[in-house]
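Dear colleague,

I am passing on the structure we talked about, together with some notes on what turned up in it. Please have it open beside you as you read.

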Amino acid sequence: MKIRSVKLREAHSHKGGRPSFCSLLWAHEAQHLVTASTSDISISIHDPLLPSATPRFLRHHRDGVTALALSPNSTCLASGSVDHSVKLYNFPKGDFQTNIITRFTLPIRSLAFNKKGSMLAAAGDDESIKLINTVDGSIARVLKGHKGSVTGLSFDPNGEYFTSMDSTGTVIIWELHSGRIHHNLKGIAPDIGLDVSTRNILCWSPDGLTFAIPGLRNDVGIYERDTAEKLFSLSGDHIQPICFLCWSPNGKYMATSGLDKQVLIWDVDKKQDIDRQKFDETICCMAWKPTGNALAVIDVMGKYGIWESVIPSSMKSPTEDIPMQGKNSNGFLLFDEDDPENSASGGSLSDAGEYSNGESEPPASRKRLRKQSLSEDNLEEDDAADEFALYPKVQSHKKRNHSHKENVDSVNGGFKSTRELTTKTKMQQAFQPGSTPLQPGKRRFLCYNMLGTITTVEHDGYSHIEIDFHDTGSGPRVPSMTDHFGFTMAALNENGSVFANPCKGEKNMSTLMYRPFSSWANNSEWSMRFEGEEVKVVALGAAWVAAVTSFNYLRIFTEGGLQRYVISLDGPVVTASGFKDKLAIVTHASDCLSSNDQVLEFKVFNVSHGTQPLCGRLPLTPGSSLSWFGFSEEGQLSSYDSKGVLRSYSNQFGGSWLPLFSSIKEKSDENYWLVGLNASKLFCVVCKKPDTFPPVMPKPVLTLLNLSFPLASSDLGSEALENEFIMNNMHLFEIQKRMEEMARAGFDPGSLDDDAFNLEAAQDRCILRLIASCCNGDKLVRATELFKLLSLEKSMKGAIKLVTALKLPNLAERFSSILEERLLNEMKKNKEIKNQESCLAPVTADTLPSGSKAPTQTEASKTVNISPSPKLSAPLFTKKNKTPEGPKTGINRTATVNETRKVKQTEDVTSDKREKIGDMSQVQPRHPHDPSMKSNNLVVNKSEGSLAQPNRPSNPFLKSSIK
């Protein structure tokens, strides 16, 4: 075989001539070639068409560059260094993104982008793997399981698995959707020890069906994706261990380099080498040219070159028939474009036709089946923070082996199934109310509520947690805590705090811990461990602790740690919140709608009673997600979505969510991070866009905003009054509901009388102002509707005086007739109640003398039927005063009838006469126990009682129930 030499040129100089690991990669369209070395702080960007031209240098690291990675669309370059940092750059401009940086405790050894470019995996000598969101630089997950320096990382092109390899030769296959270890293959690759000039590396085939690993016998092992079974080996003329390998773009060829300073090119299907090249130094990194038949190499001394025409012209080009993995050509944020054509086919239709002619070779069969699985690029998710929701759950190998007919059918219906899975993966992930996202190296809020805050910051492998109360005078002093569990969620109330972390460690354990602030007993702190079951959200209440897990279990514990209840929920949890005895939980009711709207439902549990008083759908603004969920200071259930709409649950109309605030009408350049609310105010932290949450330092300043319904623009310009009117109605309804609940429970509702009366009076004042606005705007029908809503008689009299002063006599007369009709209805109602009471009372011959006679219906009507004057300027009646029952007041029937006739005959009734009548009604009868007067005074007392001026009602809802 003819040996062709490859000319190398220096890219990085090595001081002292010591070998060191060098990195090399191609840009997407092969327009640039990027190199780096652990002995050089600079990154070089070369023009392959002008190899003699001076490259562009990026110098942002303080020490040698140990790893490079380029996003699939070549818009983002990542670099790792001996200085423990990972940095991102715009490519090819090379602009350093200062806001995206992650630091490690030891040098970085490997980097890898996922297929979308929205996530970067980074690992090194500290044995842990960090998965970093490239959009905001936050750490999405930390994977731990290796016992040596992690030198190789690779994402499964189909988005199901993530593989890693360490210097001891151990390979771990992780499930991306859960972070769990799928397979742990120990000692299947060489142990390279402390040699930093070479790496143990692994690589997925472009179609995602297999992955390749350097073997223990100077060979390459090819392993199956699901079972991790070794399929075959590539054994040839390498006489020392293989230190680097890479697949060609179409997956038909592989390049391997060994410590024997050879590079071999393999035909993978034939399992034989087709070409080789001998070099002066060990080749430590290689990269296939994405648009041609060439291979770039770089050795341990920093010299690089391009091996042209690697594959003989008689064979298929390495860039021919590249497996379709979707399309990604957006900008730096690395979001995917919608490509229905690729989503529909993704290469699956052609594969079905190719293998329908009878090929039954196991690798080909697996290939046909694998290409029907959902690729990562078909997941059209725009939020990189929800990256782990994008990966489909791993199916077992047995479930994938369907019959040929089922395979073809599934391919033909691939578009539908893909869209269904895409919708499912967009469901909102679980979150803790009042928490902020993880920011590497910065303190974050685990909990921020109306009582206080819980903050944490990661430092040297552990976290430091602090609890602070807004009112330092009344809140307890809680010492800071060193967190070795890595808690990511917390809840806080006046009695204690609860913490939880996701699954981690070899046993995949999740921990729940409760810390009371004070206790009469020692060792009152407790913790629970869940193996294989991950805590998603936590909540606290009066003497109970709740946690919802990945198994959709609601676990309720007592304050002392007794496991009290375990309840299965209907769907994956979104969030939870507690208030006294109430526990509110939000779950997914179903997959997202075709409009990408979340479908959520809520449930409210009464933990002390073991009941579920409320449940139903949770409304959200179209296109939004839930941002905050909890209770107001008064215990009103409330929610806040990402569009800035606050809703509160009310018992009105059988249970409804009322929109109490909308940020649309506020400043357009501000976001509001909700903390809590009370009956009239919203407590939030104002963030300038595009920030959606505040930093811990400097300490956020709470802003109070008025609650207001999103009303339409009124033709009278009275939106503020109408908002006050609706708000008062809501509060009155809630107070009435509480009073009814107290009465049913056997408690005296009189404690709420003052609040109810004050609200009723405030509502009447608001209605009077609205009536004045309607009169000025000539909206008399609306004014009449408002008059009917007045509760107090004094307010109704004031309304009549108001319209009279505005010279609207017709409206004044209408108001007067409405008032008198209401009073007559009230008297009839009271009379019916009295009659029912008298019917229930025992009647004997002794109590009913022979001379007594009850008044007839005609007489009674004559007694109370007082017709208004046509020029009435004020009502003739004042509201009934509800006083404790005592001796019945009476008056001579004849005098009463005469006085009534005088009122009928007089056109203008003066206030003096009314006072006189009021005085007469208070006269104590000479014979209070005379039975002959009882029946005569029955109707008169009702009429006269309505003339008394009230001081303060005992129950405003009983006195105001006039229709």
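**Rings, a sheet and a helix**

Ring pairs link Y161, W204, F211 and Y223 into a cluster, where rings of Phe, Tyr and Trp (its six-membered ring) pair if their centres lie within 6.5 Å, and planes under 30 degrees apart count as stacked, over 60 as edge-to-face and the rest as tilted. Please bear in mind that this is a predicted model, in which local features need pLDDT of at least 70 and side-chain atom pairs count only at pLDDT 80 or more, while totals for chains, interfaces and linings use all residues. Residues are numbered from 1 along each chain as its sequence is written, and side-chain values use heavy atoms, with hydrogens and water left out.

The search of the whole structure gave 19 aromatic pairs. One of them is the stacked pair of Y161 and W204, with 6.5 Å centre to centre and 5° between the planes. Y161 belongs to strand 15 (residues 161-166) and W204 to strand 18 (residues 203-204), so this pair ties together parts that are 43 residues apart in sequence; helices (H or I, at least four residues) and strands (E, at least two) are DSSP runs, numbered from the N terminus. Y161 is buried, at a relative accessible area of 0%, and W204 is buried too, at 5%, where buried means under 20% relative accessible area, exposed over 50% and partly exposed in between (1.4 Å probe, protein chains only).

Charges also sit over rings, which requires NZ of Lys or CZ of Arg within 6 Å of the ring centre and within 35 degrees of the ring normal. R199 lies over the face of F21, 3.8 Å from the ring centre, and the charged end of K271 is placed over the ring of F232, 4.7 Å from its centre.

Further along, four strands make an open antiparallel sheet in the order 29-30-31-32, two strands being paired if DSSP finds at least two bridges between them. Its edge strands, each pairing on one side only, are strand 29 (444-448) and strand 32 (481-483). Strand 30 (residues 452-459) and strand 31 (residues 462-469) run antiparallel and are joined by eight bridges, and I454 has I467 in strand 31 as its bridge partner.

Finally, in helix 10 the buried residues are E793, S795, M796, A799, I800 and V803. The face turned away from the buried side of helix 10 carries the exposed residues K794, K801 and A805, and just after helix 10, K807 takes a positive phi of about 60°.
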